[in-house]
Amino acid sequence: QVQLVESGGGLVQPGGSLRLSCAASGIIFSHSALGWYRQAPGKQREFVARIRTYGSTNYADSVKGRFTISRDNAKNTVYLQMNNLKPEDTAVYYCNDLFTNSWGQGTQVTISS
């Protein structure tokens, strides 16, 4: 049974930083491609970033240069470092395992002064 558990969300001011974590179980983590998505109120869920098995990454244009996805295979955890946060980054952030299409429960990120 695949489990993805996100953490690290919160309320920060514009220009601030947060690091999200997603702890995975039930998958061969080192062989998995994992991603982050987000869903703002009244909007569809959208892609944010993905990291593949050997560490290659890709990002949505809206977060390039500000967000960094990384993985720690020893901890079965994928991270999303978010810098220079903007109010439009406010959303629930979800972790996704590409191969099983499994999702976590989400973590709320709110950017507001």
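Leu 4 stands opposite Ala 24 in strand 3. Strands here are DSSP E runs of at least two residues, numbered from the N terminus. Strand 3 covers residues 18-25 and runs antiparallel to strand 1, with 5 bridges joining them. Two strands pair if DSSP finds at least two bridges between them.

A word on the source. This is a predicted model, where local features need pLDDT of at least 70, side-chain atom pairs count only at pLDDT 80 or more, and totals for chains, interfaces and linings use all residues. Residues are numbered from 1 along each chain as its sequence is written, and side-chain values use heavy atoms, with hydrogens and water left out.

Back to strand 1, residues 3-7. Its side chains alternate. Leu 4 and Glu 6 point to one face and are buried. Buried means under 20% relative accessible area, exposed means over 50%, and partly exposed is in between, with a 1.4 Å probe and protein chains only.

Next, the rings. How many aromatic pairs does a search of the whole structure find? The search finds 2. Rings of Phe, Tyr and Trp (its six-membered ring) pair if their centres lie within 6.5 Å; planes under 30 degrees apart are stacked, over 60 edge-to-face, the rest tilted.

Tyr 37 and Phe 47 are edge-to-face, 5.6 Å centre to centre, with 75° between the planes. This pair links distant parts of the chain: Tyr 37 is in strand 4, Phe 47 in strand 5, 10 residues apart. Tyr 37 is buried at 14% relative accessible area. Phe 47 is partly exposed at 23%.

Now Tyr 37 with Trp 103. Their ring centres are 5.0 Å apart and their planes at 70°, so this pair is edge-to-face too. Trp 103 sits in strand 10, 66 residues from Tyr 37. Trp 103 is partly exposed, at 33% relative accessibility.

Charges over rings next. The criterion: NZ of Lys or CZ of Arg within 6 Å of the ring centre and within 35 degrees of the ring normal. Arg 45 has its charged end over the ring of Tyr 94, 3.8 Å from the centre. Arg 71 lies over the face of Phe 29, at 4.9 Å.

Last, the largest nonpolar core. It has 28 residues. Trp 36, Val 78, Leu 80, Met 82 and Tyr 93 have the most contacts inside it. Strand 3 gives the largest share of this core, 4 residues. A nonpolar core is a set of buried Ala, Val, Leu, Ile, Met, Phe, Trp, Tyr and Cys residues joined through side-chain atoms within 4.5 Å.
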